[in-house]
Amino acid sequence: MASKVAGTVFEGSLDAKGLKFGIVCARFNDFFVSKLLDGAMDAIVRHGGDAADVAVAYVPGSYEIPFAIKRMLLTKKYDAVLALGVVIQGATSHAGYINSEVSKCIAQLGLEFGVPVTYGMITAENLEQAIERSGTKAGNKGVDAAMAAIEMANLNREIR
Ligand code: RBF
C-alpha cells in the first residue's frame, strides 16, 4: 500500500509457504462449517501452504471453540489458529450469548499468546444468511479467516 511513511513498515504477505495452522471447527451446523473448512484449506494451499501443515480440532459446538484454541496455542506449534463455527439464531436468545462469549475469548486468546487467532464465525439470523456466507453470494468466511491468518502470521514474523 503506497504511503509517505519513511520509517519501518510492517506488512504481512499472503504467502503461506512454511506456515503451520491450527483450525478449530464446531460440529454443530456441520453442513455449513464443513464448507468453511473446505474454503480455508483451499485458500491456504492456493497460497503456497502445505495441507500437511494444518491440524484440525473438532469440538461439539461454537461455545467449545475457545477451549480447543487455547489447547492448540499452548503447544506453540502454530503460526496462526482459525476459529470456524456457525451460530444460527433460533427461538431463544442462545445465539447472542454464544457469539459474544466466543468472539471475546477468541480476541483475548490471540492477545494472551501473541499468536494470531482469526475469526471465521458466521453469526446468522437464519439459514439463508448462513448459506450466503458459506460459499455462495456473500463469499466464504472460511476463506476470509484463512487469508487473515496467513497475513497475520507473516506480520507477526516480520515484527518479531
Ligand atoms: N452451537 C453452534 O455452533 N451453533 C449454534 O447455532 C448452536 N445453537 C445452540 C442452541 C442451543 C439452544 C444450545 C443449548 C446450544 C447450541 N449450540 C450451538 C451448541 C453450543 O455451542 C455448545 O456446544 C453446547 O451448548 C454444549 O456446551
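The model is predicted, so to speak of local features a pLDDT of at least 70 is needed, side-chain atom pairs count only at pLDDT 80 or more, and totals for chains, interfaces and linings use all residues. Residues are numbered from 1 along each chain as its sequence is written, and side-chain values use heavy atoms, with hydrogens and water left out.

Helices (H or I, at least four residues) and strands (E, at least two) are DSSP runs, numbered from the N terminus.

**Helix H3**

- Helix H3 covers residues 94–113, which makes 20 residues, and reaches 28 Å from its first C-alpha to its last. That is close to the 28 Å expected at 1.5 Å a residue, where the expected span is 1.5 Å times one less than the number of residues.
- Ala95, Asn99, Val102, Cys105, Ile106, Leu109 and Gly110 are the buried residues of H3. Buried means under 20% relative accessible area, exposed over 50%, and partly exposed in between (1.4 Å probe, protein chains only).
- Looking down the axis of H3, the buried residues fall within an arc of 145°, so they line one face of the helix. The arc is that of the directions from the helix axis to the C-beta atoms.
- The face of H3 turned away from that buried side carries the exposed residues Tyr97, Leu111 and Glu112.
- Helix H2 (65–74), strand S3 (80–88) and strand S4 (117–124) are what the buried residues of H3 pack against. Contact here means heavy atoms within 4.5 Å.
- Just after H3 comes glycine 114, with a positive phi of about 65°.

**The ligand and its surroundings**

- Around the ligand are Phe28, Asn29, Gly61, Ser62, Tyr63, Glu64, Val86, Val87, Ile88, His94 and Ile98. A residue is near a molecule or strand if one of its heavy atoms lies within 4 Å of it.
- In the side chain of asparagine 29, an N or O atom is 3.4 Å from an oxygen atom of the ligand. A polar contact is a pair of N or O atoms within 3.5 Å; within protein, one must be able to donate a hydrogen and the other to accept it, and residues adjacent in sequence count only if both atoms are side-chain atoms.
- For glutamate 64, an N or O atom of the side chain is 2.4 Å from an oxygen atom of the ligand.
- Histidine 94 has a polar side-chain atom 3.4 Å from a nitrogen atom of the ligand.
- On its own the ligand has 540 Å² of accessible area, and the protein covers 65% of that. Accessible areas come from the Shrake-Rupley method with a 1.4 Å probe; for residues, only the protein chains shown count as cover.
- S3 and H3 are the elements that give two or more residues to the shell around the ligand, and S3 gives the most, with three residues.

- Serine 62 sits in the loop between strand S2 (54–59) and H2, and it counts as buried at 6% relative accessibility. Leaving out residues up to four places away in sequence, serine 62 touches Ala26, Gly85, Val86, Val87, Ile98, Val102 and Met121.
- Isoleucine 65 belongs to helix H2 and is buried at 0% relative accessibility. Beyond four places away in sequence, the residues that isoleucine 65 touches include Val24, Val59 and Leu84.
- Glycine 120 is part of strand S4 and is buried, with a relative accessible area of 0%. The C-alpha atoms of glycine 120 and alanine 83 are separated by 5.3 Å, although these residues are 37 residues apart along the chain.

**Helix H5**

- Helix H5 (residues 141–159) has 19 residues and spans 26 Å from first C-alpha to last, close to the 27 Å expected.
- Among the buried residues of H5 are Gly142, Ala145, Met147, Ile150 and Leu155.
- The cover over the buried residues of H5 includes strand S1 (21–26), helix H1 (30–46), S3, S4 and strand S6 (139–140).
- At the start of H5, a side-chain oxygen of asparagine 140 comes within 2.7 Å of the backbone nitrogen of glycine 142.

- Most residues other than glycine have a negative phi.
- Asparagine 29 has a positive phi near 60°; this residue lies in the loop between S1 and H1 and is partly exposed at 22% relative accessibility.
- Lysine 76 also has a positive phi near 60°; this residue is in the loop between H2 and S3 and counts as exposed at 71% relative accessibility.
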